Structure formats: C-alpha cells, structure tokens
Amino acid sequence: MEAAENIEISEVLQNNNSETANETLQNEDKKEKAKKKSSPMNPIQAFFLNVLLIITAIWLLFGFVFGFFSAPNNDMMPNVKAGDLMLYYRLDKGYLAQDIVVLKKNKTTYVGRVVAKSGDTVDITDDEHLVINGNVVIEDNIYGVSTPRIEGTLTYPVTLGEDEYFVLSDRRGGSEDSRYYGVVSGSDVNGKVVTIMRRNHL
C-alpha cells in the first residue's frame with residue numbers, strides 16, 4: 001500500500017512539475033508576444049530614426065554652435081593662407097584682442113584679427129604705426145612692419161562704442177579690414193576661429 005501511495009504521490013508531483021513548466025513556457029511566450037506588439041517600429045524604422053537623430057544633431061551643432069569657412073585670400077598671411085579651412089565657434093560673444101574672427105560686412109565675409117574692443121581708442125599714425133589707447137602696439141605675428149591708413153573711410157582716432165571692435169588683417173598692405181569697411185559690431189561677427197586646417201597643399 002505504501003509503495004502504491006508513493007507512486008501516486010510521485011506521479012502527482014511529476015504532473016504538477018510538468019504543468020508548472022508548461023505554464024512558465026506559456027508565460028514567456030506571452031511576454032515575448034507582448035514585447036513584439038508593444039514595439040512600434042521594426043529594425044528598418046529604428047535605423048532610419050537613428051540616422052535622422054544623428055543628422056539633426058549635426059545640423060544643430062554646425063548650424064548654431066560651430067561653423068566652417070575657407071579663407072578666400074591671403075589677407076591673414078602668414079597665419080592663415082588662401083584655402084585654409086577654419087572652424088569657428090558661434091556662441092562666444094566676448095571677443096578679445098588677438099582673437100581671429102569670421103565676420104560679415106557689406107554682404108561679404110571676411111577673416112580678421114581683433115586689435116581693439118569696446119572703450120578702446122584706435123589711431124593709425126602718419127608713419128603707419130598702430131596705436132591703441134595712446135600706446136604703440138608692437139606686433140610680431142603680422143606680415144610686414146607697418147599699418148598704413150586707407151584714406152576716405154575713417155577719421156582717426158576712433159573710439160569704439162559698446163559691442164564694437166576694430167579688426168585688422170595680418171597682411172596689412174592692400175588688405176580689406178576695419179580701415180576699409182569701418183568698425184565691426186558684435187552682430188557682424190559670425191564667430192571666433194578655434195582651429196585652422198591647412199588645405200593649400202592638399
């Protein structure tokens with residue numbers, strides 16, 4: 001009798017284990033089906049969504065944060081040469097002396113070096129020296145040793161107002177800069193150059 005009862009108990013346990021295993025498998029199948037139903041996109045749609053997100057991020061980054069500009073001439077020799085590609089930062093609005101900036105004046109885009117900012121007084125002497133706030137500026141990063149005036153554009157000395165800058169090219173002879181197009185307002189500046197990629201020998 002005891003052996004028979006043990007066999008029955010064993011069969012009952014086996015049946016219960018089998019039923020439990022079946023229920024577990026059924027539950028897992030239901031979960032997988034539920035996941036598939038809850039996923040709104042197939043792999044192709046997910047791929048194109050990721051591509052769209054990457055394109056949007058690049059557009060935001062280079063449309064509002066950074067910009068590219070290729071030097072159109074040698075006005076900034078020897079530091080920037082024609083064809084060099086410049087990466088500039090749009091969000092930095094506090095420009096300092098010696099910053100290289102990309103700017104637009106009279107519907108033309110230029111590259112130049114800030115030599116004076118708001119509150120500074122700029123003069124160019126008859127013997128072609130650059131004078132800022134009464135002090136002759138000694139420059140060792142420009143092409144040539146003199147800064148000639150361009151007659152008929154500005155009356156010197158020039159005192160810069162709020163958010164105004166005086167921008168000069170590094171190659172002072174024959175270049176177009178603030179001596180030619182006047183003082184530059186902050187709204188004229190596209191951004192500050194943060195790196196230069198040489199392309200003129202590629």
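A polar contact is a pair of N or O atoms within 3.5 Å, one able to donate a hydrogen and the other to accept it when both lie within protein. In this predicted model, such a contact is made by the side chain of Arg 179, which reaches the backbone oxygen of Arg 172 at 2.7 Å. Arg 179 belongs to helix H3, spanning residues 178-181, and is buried because its relative accessibility, 1%, falls under the 20% limit. The side chain of Arg 179 also meets that of Asp 177 in a salt bridge, with an N to O distance of 2.8 Å; Asp 177 is likewise buried, at a relative accessible area of 0%.

Arg 172 in turn forms a salt bridge with Glu 139, the closest N and O atoms being 2.7 Å apart. Arg 172 is placed in the loop between strand S9 (164-168) and H3, and Glu 139 in the loop between S7 and S8, so the pair ties together parts 33 residues apart in sequence. Both partners are buried, Arg 172 at 1% relative accessibility and Glu 139 at 18%.

The salt bridges number 8. Among them, Asp 84 pairs with Arg 198 at 2.4 Å between the closest N and O atoms. This pair links distant parts of the chain, 114 residues apart: the loop between strands S1 (66-70) and S2 (85-89) holds Asp 84, and the segment after strand S11 (189-197) holds Arg 198. Asp 84 is buried, at 0%, whereas Arg 198 is partly exposed, at 44%.

Glu 151, in the loop between strands S7 (135-136) and S8 (158-159), is exposed, with a relative accessible area of 64%.

Notes:
Residues numbered from 1 in each chain as written. Predicted model: local features only at pLDDT ≥ 70, side-chain atom pairs only at ≥ 80, totals over all residues. Heavy atoms only, no water. Helix = DSSP H or I, 4+ residues; strand = E, 2+ residues; numbered from the N terminus. Buried < 20%, exposed > 50% of the residue type's maximum accessible area, 1.4 Å probe, protein only. Salt bridge = Lys/Arg side-chain N within 4 Å of Asp/Glu carboxyl O.
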